[in-house]
Amino acid sequence: MGRSVSWVMDYSSRPGDTLDRVGGVPTHLPYMWPRCQACQGRMSFVGQLYSSERLLLDDHLALQFYVCDDCRENRKWLHMEALPKASPANDRRTGVRCGSQPVQYIHYTRVEDSMDQWTFHRRRLAEGDLPDKHLRRDKLGGLFPYDGYEGPKISRQNQMVAQFVWPGVGAAVYLYRSAKDGFYPYPYS
Ligand SMILES: [Zn+2]
C-alpha cells in the first residue's frame, strides 16, 4: 500500500530551501507576461510553485499564478502559467507585483495522511471520520477529503494536487491535474 503524503505549507519571511514563494516578482519569466482578459492590463504576480517530489510537473519548470489588481473588485481573475523548463531566469527582477500579496517564502512539512484518496473514496467516508488535523491546511499532494461538495470530482483521471489560500487571490484555490487537460486551478478556469 502506497503512503499518502501531504506537504503542508507554512509561510515565512525567511527564505526556505525551495523557490516556492508568494509575492514579489517571479524567479523565472513566462514567454509573455500575462494580460487580463477583461481590461488587457498586465496582470500581477501572486505566487509560484516549482516542480518537485511534492508537485511533479513533468516537462514543466513551475506553475505561476497571476491576478488582475485592477479588475479584482468586479471579478477575481486568476491566471495560471505553466513554465517550460527552458524559461529564462528573471535576473533583472522585472514584473508586476501584486499589491495585496506580501512576499513570503513557502516552507513544507511532510505529514502522512491516515489513508489515501482511493481508500477514502472506497470506504465512502466523510472528512469528519478522519483523525487528520492537517487536511484543510494549505498543502501539496496527499488526501483531499471533500470531494463532491463542489468543484470537479476527484478521480484517477482528475486528481486534486494542491489547495491554498493566498491573500493576493483572496479565496481558496484548488489545483487539479487532469489526464486529459493537464493542470488547472478551480474555480478559476
Ligand atoms: Zn483586468
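This report covers the sheet, its strand pairings and some loop residues of a predicted model.

## Basis

Residue numbers start at 1 in each chain and follow the sequence as written. The model is predicted, and local features need pLDDT of at least 70, side-chain atom pairs count only at pLDDT 80 or more, and totals for chains, interfaces and linings use all residues.

Strands are DSSP runs of E with at least two residues, numbered from the N terminus. Two strands are called paired if DSSP finds at least two bridges between them.

## Sheet layout

An open sheet of 10 strands is present, with antiparallel pairing and the order β5-β4-β3-β2-β6-β1-β7-β8-β9-β10. Its edge strands are β5 (78-84) and β10 (182-186), each of which pairs on one side only. In a regular strand the side chains alternate between the two faces of the sheet.

## Pairing around β6

Strand β6 (residues 104-112) pairs with β1 (residues 5-12) in the antiparallel sense, over 8 bridges. In this part of the sheet, Val 5 stands opposite Glu 112 of β6.

Strand β2 (residues 21-22) is also joined to β6, by 2 bridges, and the two run antiparallel. Here Val 22 stands opposite Gln 104 of β6.

Strand β7 (residues 139-140) runs antiparallel to β8 (residues 158-165), with 2 bridges joining them. Leu 140 has Ala 162 in β8 as its bridge partner.

Strand β8 also pairs with β9 (residues 172-178), in the antiparallel sense and over 7 bridges. Phe 164 has Val 173 in β9 as its bridge partner. The two strands β8 and β9 form a hairpin with 6 residues between them, and Gly 170 in the turn has a positive phi of about 90 degrees.

Between β9 and β10 there are 5 bridges, again in the antiparallel sense. Arg 177 stands opposite Phe 183 in β10. In the segment after β10 lies Pro 187, which is joined to Tyr 186 by a cis peptide bond with omega of about 5 degrees.

## Arg 42 in the β2-β3 loop

Arg 42 lies in the loop between β2 and β3 (44-50). Where does Val 96 stand relative to Arg 42 in sequence and in space? The two are 54 residues apart in sequence and 7.3 Å apart in space, C-alpha to C-alpha.

Residues are in contact if their C-beta atoms, placed from the backbone, lie within 7 Å. Leaving out residues up to four places away in sequence, Arg 42 touches Trp 33, Arg 35 and Val 96.

Burial is a count of other C-beta atoms, placed from the backbone, within 10 Å of a residue's own: 20 or more is buried, 12 or fewer is exposed, and in between is partly exposed. Arg 42 counts as partly exposed because it has 16 C-beta neighbours inside 10 Å.

## Positive phi outside glycine

Asp 58 has a positive phi of about 55 degrees although it is not a glycine. This residue is in the loop between β3 and β4 (60-67). Is Asp 58 buried or exposed? Asp 58 counts as exposed, because 10 C-beta neighbours lie inside 10 Å.

Arg 93, also not a glycine, has a positive phi of about 55 degrees. The loop between β5 and β6 holds Arg 93. With 10 other C-beta atoms within 10 Å, Arg 93 is exposed.

Terms used
Helix = DSSP H or I, 4+ residues; strand = E, 2+ residues; numbered from the N terminus. Contact = placed C-beta atoms within 7 Å.
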